[in-house]
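Please examine the model shown here before reading on. The explanation is meant to be followed with the structure in view.

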Amino acid sequence: MDEKRRYAAGMKVRREILGDAYVDRAVAETTHVTTEFQDLLTRYAWGEIWTRPGLDHRTRRVLVLGTQIALKQWDQLKLHVRAAVVEGGFTASELQEIVLQQSVYCGAPTGLTAMNVVREVLEEVAEEG
């Protein structure tokens, strides 16, 4: 696949996973400093990895959530929890299970912070309802 097609495929998946509003905002905020990074993310993360047939998008979402918890990337966790609920149809119970699973391997303090992030996002989504 050439780079233009990979970018187009990546943008399509990126929109499916994160939602148009988030992607439109990210694209609008792109500057001359961040252009190449945004292009790289779209082509590689979304166009090369998320388009592979080996795992479905739901499984990839679980992996991303677990990884963000393990790496304590709270802003990214918030983004991906919101996307999992709004775009992916994840339930509060499913998110709780992901956090509980990660708490065993990442530690209780990390799990507590992750659970708080999940709670905050669920409350925000419910308010927007």
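The model is predicted, so local features require pLDDT of at least 70 and side-chain atom pairs count only at pLDDT 80 or more, whereas totals for chains, interfaces and linings use all residues. Residues are numbered from 1 along each chain as its sequence is written, and side-chain values use heavy atoms, with hydrogens and water left out.

Rolling a probe the size of a water molecule over the atoms shows where empty space is left. A pocket is defined on a 1 Å grid over the protein atoms alone, as an open set of points where a 1.4 Å probe fits, with protein on both sides within 12 Å along at least five of seven lines; lining residues have an atom within 4 Å of a point. Grid points are joined across faces, edges and corners, and a volume is the space filled by probe spheres set on the points.

The largest pocket has a volume of about 350 Å³. Its lining comprises 16 residues, of which L41, W46, Q76, L79 and H80 are the closest to the centre. Two or more lining residues come from each of helix 1 (3-18), helix 2 (20-28), helix 3 (35-49), helix 4 (57-70) and helix 5 (74-86); helices here are DSSP runs (H or I, at least four residues), numbered from the N terminus. Helix 3 contributes the largest share, 4 residues. By class, the lining holds 9 nonpolar, 5 polar and 2 charged residues, where Ala, Val, Leu, Ile, Met, Phe, Trp, Tyr, Cys and Pro count as nonpolar, Asp, Glu, Lys and Arg as charged, and the others, Gly among them, as polar.

The second largest pocket contains about 210 Å³ of space. Among the residues that line this pocket are Y22, R25, L79, R82 and E128. Helix 2, helix 5 and helix 7 each provide at least two lining residues, and helix 5 gives the most, with 4 residues. The lining of the second largest pocket divides into 7 nonpolar, 1 polar and 4 charged residues.

Helix 7 (residues 108-128) also holds T110. T110 counts as buried because its relative accessibility is 4%, buried meaning under 20% relative accessible area, exposed over 50%, and partly exposed in between (1.4 Å probe, protein chains only). Which residues does T110 touch, not counting those up to four places away in sequence? They are I69, K72 and W74, a contact being heavy atoms within 4.5 Å.

K72 is partly exposed, because its relative accessible area is 48%. Phi of K72 is near 55 degrees, a positive value in a residue other than glycine.
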